[in-house]
Amino acid sequence: MKNNKVFLAIIAMLFFAYAANAQSSFKVGVAGLNHDHIYNILNAYSKGQVNLVGIAEPNKHLREKFGKQFHLPDSLFFDDLKTMILKRKPAIVLGYNAVGNHVDVVEVCAPLGVPVMVEKPLAATLEQAKRIEELANKYHIKVLTNYETTWYPSYQEVYNIINKDSIGKIRKMVVHDGHQGPKEIGCSPEFLSWLTDPVLNGAGALNDFGCYGADLMTWLMHGQKPIAVTAIARHYKPEVYPKVEDDATILVEYPGATGQIEASWSWPFGIKDLEVFGETGYLHALDGNNLTMRMRENIKSLRNVAPLTSPNDNPIPYFTAVLNKSITGEDDRSSLKYNMIVMEILDAAKRSIKEGKRIVL
């Protein structure tokens, strides 16, 4: 009996080792190096967690910078995306370029049948998002959007508790996402050059941080579209960000609930949190790991929420599972379906600010 247990344990270890290798075996291509989130995938590459086969980036300075820092061979770099795809044949392309250029990545990848995962938000404008959706549907490819908060254990716990009907129906959601400002926290010049541009980013803090709240609310409401959006924008630091707003507040109306999105580059410190008020209880994910729950007058604190499990703990195992078709990627925070709703919310918010009125969808 003891020998059988040892044998089974060895088999299990071999299976999980094989699964881990299989997860990293897909060929991955990168489009762009001018997004500071590029450090995430390059760190994963340096640890052997992702099979990076090509990087499309025409900027020689960026190629030299990251090539030296991460010991990347020159053979990994290409001047244009199509050449990289044709020569290296990646199973997926990850976009680390300006939000306004996400549509260009999909224009190249879709006809070649290559799925795409971009950093949030999906696009700079709703028009661009619709073109991305059109291409994805025409060529039958996945287009995914990566949000940092997707991999927060505390947020997943909020979702699970709500879906167990532990706090009743959702009545109000409040999402805070922001920090002192991209320039103030030391973002790279290449990142700032497009992040603070109204065309390349589509807006300022509204797009950069407002997308988090729109995505989370769409997820919590199971893909239900809002009925109206009202928003205001502020320019607290016009000398730093002359072209775009550095603070935005967005009210999102649903038939039975209200969402409030607070997005800012003007706060005294960085914060990402999520509050949900139900009929009988309240949940507050203070950060990625800590959650407070209150049921009427009884306060219960939940600390160090259990870690997420693969493939829902990190973008690499997630997109690997989508490529393996072990998960669909259809009705979640990264899905094109949900992110089209995100883009509708952001577009309505911009129109509300411009027209000074509530926008009915």
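## Salt bridges

In this predicted model, Glu 355 and Lys 357 form a salt bridge, with 3.5 Å between the closest N and O atoms. Glu 355 has a relative accessibility of 43% and so counts as partly exposed. Lys 357, at 46%, is also partly exposed. Elsewhere, salt bridges with shared partners connect Glu 107, Arg 131 and Glu 134 in one network. Glu 134 is partly exposed, with 46% relative accessibility. Arg 131 is partly exposed as well, its relative accessible area being 30%.

The structure has 13 salt bridges. One of them joins Asp 208 to Lys 120, with the closest N and O atoms 2.6 Å apart. This pair connects distant parts of the chain, as the two residues are separated by 88 residues. Asp 208 is in helix H9 (residues 205-220), while Lys 120 is in the loop between strand E5 and helix H6 (126-139). Both Asp 208 and Lys 120 are buried. As a general point, side chains of opposite charge can pair when their charged atoms come close.

## The six-stranded sheet

Six strands make up an open sheet with parallel pairing, in the order E3-E2-E1-E4-E5-E6. Strand E3 (77-78) and strand E6 (143-146) are at the edges; each has a single partner strand, so one side of each lacks a neighbour in the sheet. Further in, strand E4 (residues 92-95) pairs with strand E5 (residues 116-119) through three bridges in the parallel sense. In this pairing, Val 93 is opposite Val 116 of E5.

Helix H2 (residues 38-46) packs on this sheet and touches strand E1 (27-31), strand E2 (51-56) and E4. The direction of H2 makes about 140° with that of E2. Helix H5 (residues 102-109) lies across E1, E4, E5 and E6. H5 runs at about 170° to E5.

## Strand E7 and its partners

Strand E7 covers residues 170-178, and seven of its nine residues are buried, so the strand is largely enclosed by the rest of the structure. E7 is joined to strand E11 (residues 271-278) by eight bridges, and these two strands run antiparallel. Ile 170 is placed opposite Gly 278 of E11.

E7 is also joined to strand E10 (residues 258-264), here by seven bridges and in parallel. Val 175 has Ile 261 as its bridge partner in E10. In general, strands of a sheet pair through backbone hydrogen bonds, either parallel or antiparallel.

## Gln 156

Helix H7 (residues 153-163) contains Gln 156. This residue has a relative accessible area of 18%; because buried means under 20%, Gln 156 counts as buried. Apart from neighbours within four places in sequence, Gln 156 is in contact with Trp 219, Leu 308 and Arg 333. With Arg 333 there is also a polar contact, side chain to side chain, at 3.1 Å.

Note on methods
Residues numbered from 1 in each chain as written. Predicted model: local features only at pLDDT ≥ 70, side-chain atom pairs only at ≥ 80, totals over all residues. Heavy atoms only, no water. Buried < 20%, exposed > 50% of the residue type's maximum accessible area, 1.4 Å probe, protein only. Helix = DSSP H or I, 4+ residues; strand = E, 2+ residues; numbered from the N terminus. Pairing = 2+ DSSP bridges. Polar contact = N/O pair within 3.5 Å; in protein donor to acceptor, adjacent residues only side chain to side chain. Contact = heavy atoms within 4.5 Å. Axes fitted to C-alpha atoms, helices over the stretch in contact; angles between N-to-C directions. Salt bridge = Lys/Arg side-chain N within 4 Å of Asp/Glu carboxyl O.
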